[in-house]
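Please look over the structure below before reading on. The report that follows takes up its parts one after another.

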Amino acid sequence: MNKEVIKGSQNYIPVEIEDYPTTGWQKFKQVVRRSLGKELFVGLWVVLREMLKFNIHTVQYPEEVLPLPSRYRAVHKLLRLLESGNERCIGCGLCEKICIADCIRMETKEENGRKVVSEYSINLGRCIFCGYCAEVCPELAIVHGSRYENASEQRAHFVLKDDMLTPIDFLKEQKEFDGFGAVSPNADKLIKKTPLAY
Amino acid sequence: MTKFYIDGKEVTAHKGETILEVARREGIYIPTMCYISKVSPIASCRLCVVEVKGVDGFVLSCQTPPTEGIEVFTNSPELFQHRQNIMKLYNVNHPLECGVCDKSGECELQNKTLEFGVQSQEFSAKEQYRPIRNWGKIQYDPSLCIMCERCVSTCNEAIGDDAIELKFGGYSSEIVPKGSDVLECSECGECIAVCPVGALISTDFKYSSNAWELQQIPATCSHCSAGCNLFYEVKQESHFDNTPRIYRVKNDIEHVSLCGAGRFGFDFANSDTFGDFETAVSKLREAKTILFSSHITNEEIEILNQIAKTTGAKLVNPEARKFQQFLKAFATTSGETLYNGTLEDIENSNQIIVIGTKIATDNPAVRYAITRAYKKHRAYISYLHPVFDSTLQNTIKQFINYEVGTEEGVIALLADTLITNSNLDLDIGYLSGETNIGEEELETISKIGKRAKNRTLIVGSDLITHEKSENIAKYIGLIQKNSNVKVVIVPPDTNSLGVALFGNLADEVQAPTVGYNIEGDYTIASIGKCDFSVPALNQQEGTFVNIDKKVVKTNVAVPYRGKNLNDLANAILDNPKRWTIDYTSELFGVEFDELQDVEIVSKMYRVSGDVDEVEELPSFDGAVVYNSNPFLQFNPWTAKAIEEKPYLLGAKQFAIANKLSDGDMVRFEIDGEIFIREFKIDNSLKGVIALNPIFDKGLRSYKLLSKYRFQRVQIEKVKSNGRS
Ligand code: SF4
Ligand code: SF4
Ligand code: SF4
Ligand code: SF4
Ligand code: SF4
Ligand code: FES
């Protein structure tokens, strides 16, 4: 037994480790002992016991996924205004400007005198999920969602506007976003109103 | 020279310089909002305040010249406070709409608001109803306007249109078209360029891109011989198409003023790839004559020279040939190979004489220089031309309408007037009668000239294409040699001067011909349907020689998916070159990338010629038209980039004389080219000469460039407007 003396004040617990077998014979003995000895059956028994008790801890992915905290930063979503259903994004371009990985591209144009975003895409192959875009967005339009499955056949992997935008018939299911880049709960108190003289 | 101190640094001011100008020259930063160097100080923003030791209160550095020994301080807590307060006031009621404002990212209000730490709007005023105004190519949003008046000053002092003004009224102040409800101007778009905020924007560009998405490509405008420096702003064609496209044109607003053709006529890149390379090569090999236009870079000229040398072909460019011969004749009497004036000389003149050009549309940069000479030095400007030009009314003191065709007589009279003790043997009475120039008018010119320190004569293409151009050129040579008048001969097309200098030109045309950006038996062109396509001038790198005799560079703004002239040459020449710009060093002795501030210097020439006596002057009766394009148009490329309907424009007098009424379709022929045009009465015109645009004629318009621009025509009415 090579029990090391651990110095210092931390409360480390030294693990007891058997000496490694060095000769062929010793190795053979270890294999026989481990596979035919009680160690195997202990393991099997524990599994059987828990199975019989229906006490299963495994998450049944992909049928089942763990809930993620709202600040988790996975594939982006583009939100709509809850009242009108209009797109929140005004095409200000701050997200594409701030994006450190330079992976946002957008196309804007004039429609009925307003600026509209006709195309919007993020190259997830480049995105580092830093959250700058969500944080800079003045309209809470681009936010991070919780979709983290983005296996792809290529490095470049784009999500387009339609992939991210809340479908209009799912508007009711859109939750106000309280994750990364969202206004703080006491925002009303912090904000300084613009004076208006009418 | 005034010695003084800025922030402890000893500096010197030249005569007439302000504190701000000295500070900028010395690299000392003073914040400004309303100042731009090309117009006189506007002094509306007060951001440029500085402190002067021993002087109470602040001093406006943009309009105050320093006095000897003063100590100027550009920064102090009080100054910061003062400037911050100004920024707070600018932000009163300013809509917080940067997100949907075209200016965001390059907005001076945005920048200065951040610079002076204005975090929030603290005051407000009652908002007035001021709707967005649509002025064609320009859109004005009064609620974004900070009333700095840069646009007004620029339009008035740098351009000369004087088309907009400030309508006072506290918080309901606005910029409005002067004396009219709609904006009628030359559409140069300079007001858009100088506006520090998003109040004035380009209607076409609106919302098509955020500023930081665009890449700036420095280039030279290829539409006229001014060769203005500009930036093509380029971005991908669309979200799913990465081909670069030009979205807009910008300029260095402090030093350059563009015209509308340069600013809005950028979309002329060639996307066609007609023709087969092998055929084009063999056609070039077989050609007896290679015709080409001056819409060309110096490098391409050199390539054509070398092709011609190898194949034995002759190079023909009638327009530049005329110019070349004009300069040659000019040299025989002036003793110099080139004219001695520049745009800067024009700008600094006290007296300017313009002859033989409709300068406002022929070369807008020259017109701007004239405007500035008038604004800065109250220059006395005489404009000699058979056609009255109302756009110059604001600046020009003396309009002299000479008879069409009598240019030779006019220039002889001018030479006699401008040269003191000229010894010219002229029959003044006869010339004055035939040209219709009164002796008192000439007297005025000579009287003004005695007082004027800097004088410039601007000569246009009417004289170059004139039948008697050689003798005319000699008279001009005499003026340059024997008077203090500087001469500027406006090159007729983009790079006419380059062609005249470097092209080994011949006169006669022999079939088979190949045309390069001009019609030939086999046509190679960068526009439209032709036998073989090549890149347009915004898809090429190379150099031009501009009106100032400077060698200016242009770069590739958008790529071309095909072959260019160099590729064709490589198949013919013995020593192929990888790039077109490999020829730059052959011409100028420096590599393209290193080329900077190269100027063509006039060579001394033995004075060998003398002017001929002016013989009988021709007279033009009947219907006469003058080939002249509208403001935004110069050539097939501007026609491609900016849609515009060509009209035959005439005054009422012309309509009466030719029994035409507004809206009639007319047909006439100039040199085999048939024009069918709608006739429009233009009330700003006078006299019996109509203006006939040629920009819509495609490459065939180049045939007309070498012809005298006044033409007698037989006008045939093909369709009445139905009203009469
Ligand atoms: S998360 Fe970061 S890297 Fe990804 S798109 Fe947003 S800003 Fe760019
Ligand atoms: S920052 Fe927000 S509003 Fe601006 S373009 Fe990006 S998503 Fe749209
Ligand atoms: S003018 Fe400047 S500050 Fe005003 S909205 Fe536009 S970008 Fe913002
Ligand atoms: S339109 Fe622009 S340039 Fe003109 S006064 Fe207003 S802010 Fe100044
Ligand atoms: S057309 Fe002439 S004046 Fe106008 S921008 Fe181009 S080079 Fe300058
Ligand atoms: S820059 Fe001097 S007042 Fe505006």
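This is a predicted model: local features need pLDDT of at least 70, side-chain atom pairs count only at pLDDT 80 or more; totals for chains, interfaces and linings use all residues.

Chain A is divided into two domains, with domain 1 taking residues 1–57 and domain 2 taking residues 75–180. When the centres of these domains of chain A are taken over C-alpha atoms, 51 Å separate domain 1 from domain 2.

## Surroundings of the two ligands

Around ligand 1 there are 13 residues, of which Cys99(A), Ala101(A), Cys127(A), Cys130(A) and Cys133(A) come nearest. By kind, the shell around ligand 1 divides into 12 nonpolar residues, one polar residue and no charged residue.

The residues that surround ligand 2 also belong to chain A, and among them are Cys89(A), Cys92(A), Cys95(A) and Cys137(A), together with Ile90(A), Leu94(A), Val136(A) and Glu139(A). In the shell around ligand 2, nine residues are nonpolar, two are polar and one is charged.

## Where the chains touch

The contact between the chains draws 19 residues from chain A and 20 residues from chain B. On the side of chain A that touches chain B, strands β2 (104–111) and β3 (114–123) each supply at least two residues, and the largest share, five residues, comes from β2(A). That side of chain A is made up of six nonpolar, five polar and eight charged residues.

## An open sheet in chain B

Chain B holds an open sheet of five strands, which pair in parallel and follow the order β15-β14-β21-β22-β23. At the edges stand β15 (314–316) and β23 (532–533) of chain B, each with a single partner strand, so one side of each is left without a neighbour in the sheet. In general, the strands of a sheet pair through backbone hydrogen bonds, and the pairing is either parallel or antiparallel.

One pair can be followed in detail: strand β22 of chain B, residues 522–525, runs parallel to β23(B) and is joined to it by two bridges. Within this pairing, Ala525(B) stands opposite Ser533(B), a residue of β23(B).

## A buried cysteine in a loop

Cys224(B) is found in the loop that lies between β11 (215–220) and β12 (229–238) of chain B. Is this residue of chain B, Cys224(B), buried or exposed? Cys224(B) has 26 C-beta neighbours inside 10 Å, and therefore it counts as buried.

Setting aside residues up to four places away in sequence, Cys224(B) touches Asn363(B), Thr494(B) and Phe634(B). Although Cys224(B) and Thr494(B) are 270 residues apart along the chain, their C-alpha atoms are separated by 4.3 Å.

Note on methods: Residues are numbered from 1 along each chain as its sequence is written. Chains are lettered from A and ligands numbered from 1 in the order in which they are written. A residue is near a molecule or strand if its C-beta atom, placed from the backbone, lies within 6 Å of it. Ala, Val, Leu, Ile, Met, Phe, Trp, Tyr, Cys and Pro count as nonpolar, Asp, Glu, Lys and Arg as charged, and the others, Gly among them, as polar. Two strands pair if DSSP finds at least two bridges between them. Helices (H or I, at least four residues) and strands (E, at least two) are DSSP runs, numbered from the N terminus. Domain bounds come from an automatic or database domain assignment. Two residues are in contact if their C-beta atoms, placed from the backbone, lie within 7 Å. A residue is buried if 20 or more other C-beta atoms lie within 10 Å of its own, exposed if 12 or fewer, and partly exposed in between; C-beta atoms are placed from the backbone.
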